[in-house]
Amino acid sequence: MATVETRNIRKSFGSVQAVNGVDLSTKEGEFLVLLGSSGCGKTTLLRMIAGLEKPTSGEVLIAGEVVNEMPPRARKIAMVFQSYALYPHMTVFKNIAFPLKAQRMGTEAIRQKVEWAAGLFGIELLLHRKPRQLSGGERQRVALARAVVREPAVFLLDEPLSNLDAKLRASARDELQQFQRRIGTTTIYVTHDQVEAMGLGDRIAVMQHGKVRQIGTPMEVYDEPADTFVAAFLGSPPMNLMEGKDCLVGFRPEHFLPKEAFPMTGAAPVPFRVTRLEYLGADRLLYGVLERPFPEQKVIARLPSTVSIPIQPGERYEFVVQEKDLRFFDRDAGHRTEARPLVAQFA
Ligand code: ATP
């Protein structure tokens, strides 16, 4: 096991700043997720940690040692890509054995190692097949098995589940997490899927334009976003952001509920005119506008099915958000600011 650290790491491709000064530091055995939309620099960052890309500046440390000049092979990392990159002409056994053969391990030791890894992922019965005879999920397990046989100190995974269908993804997520807990290897996992990030990560680094905007536990980044980018990036639908007098006032759609759902609260109700309703089964999404205190500002509310109050588009309802669920942000820079009396924000 080992920790990974980057110090002010940068990478530019011509005029494109793919990674623009990232300081990251994993804990021992941690599952860290790099989350961000396409092109934000996640893969480039991972490839620099792996040694597949040379940083323009800055340092990569593995187990406390600067590894900038160390070739990928010497870094004791294993990387699994989206494409899995299995050798199509080799059986599953040979695919998994490949890195061990390259290390010149003996035949019997290789057999034991491959069987151990196949057992970890439940693919013992597939060892004689070729990759084209496997489902997407099985291929993914073979790629992971091939990565673990080398007993790496660090796992780097780049969207390894993105080729799977939704159902398989959920079970693969579960397997991956259990497996990571079991072997306890420090893992850095790249994804653009926030559900995957929230479900898998001990911590999430939210990235934008080559920078880390916030790093924290799923609860921290969701409940206490450091800025409006993180607030709007996480959550579907995202946080509602209202233009106050001297700041932005944010609240999550699930915290904006009909007055009747909060019999005990002292919060003042606000009139909410619903323009559209989406029934999603477990939830209803209500799109509409506020009449005050932020007139004509668009808001989305998310009602769980347990709140069964009838709602009709075109009607006006009294809604409530509790003071503790309000977040305040700087209007220009977008960073979080201290809580303020809401009343001062009304136009
Ligand atoms: P995705 O989720 O789409 O894979 P990403 O967040 O992993 O995106 P990167 O692949 O790291 O993003 O790319 C970051 C930026 O750097 C992009 O603008 C991309 O076009 C650019 N880039 C990446 N690799 C190269 C390269 N080899 N040459 C030139 N530009 C590159």
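Reply: Two strands are said to pair if DSSP finds at least two bridges between them. Strands (E, at least two residues) and helices (H or I, at least four) are DSSP runs, numbered from the N terminus. The model is predicted, with local features needing pLDDT of at least 70 and side-chain atom pairs counting only at pLDDT 80 or more, while totals for chains, interfaces and linings use all residues. Residues are numbered from 1 along each chain as its sequence is written, and side-chain values use heavy atoms, leaving out hydrogens and water.

The part examined here is strand β3, residues 31-35. It pairs with strand β9 (residues 203-208) through 4 bridges, and the two run parallel. Within this pairing, Val-33 has Ile-204 of β9 as its bridge partner. Strand β8 (residues 186-191) also pairs with β3 in the parallel sense, over 5 bridges. There, Leu-35 stands opposite Thr-191.

How exposed or buried is β3? A residue is buried when its relative accessible area is under 20%, exposed when it is over 50%, and partly exposed in between (1.4 Å probe, protein chains only). Because 5 of the 5 residues of β3 are buried, the strand is largely enclosed by the rest of the structure. In a regular strand, side chains alternate between the two faces of the sheet. In β3, Phe-31, Val-33 and Leu-35 lie on one side, Leu-32 and Leu-34 lie on the other, and both faces are covered.

The ligand can be considered next. The residues around it, those with a heavy atom within 4 Å, include Ser-37, Ser-38, Gly-39 and Lys-42. By class, this shell has 4 nonpolar, 6 polar and 2 charged residues. Here Ala, Val, Leu, Ile, Met, Phe, Trp, Tyr, Cys and Pro count as nonpolar, Asp, Glu, Lys and Arg as charged, and the others, Gly among them, as polar. Helix α1 gives the most to the shell, with 3 residues.

An oxygen of the ligand is 2.7 Å from an N or O atom in the side chain of Thr-43, and for the side chain of Thr-44 the distance is 2.5 Å. The ligand alone exposes 630 Å², of which the protein buries 57%, with areas taken from the Shrake-Rupley method and a 1.4 Å probe.

Methods:
Polar contact = N/O pair within 3.5 Å; in protein donor to acceptor, adjacent residues only side chain to side chain.
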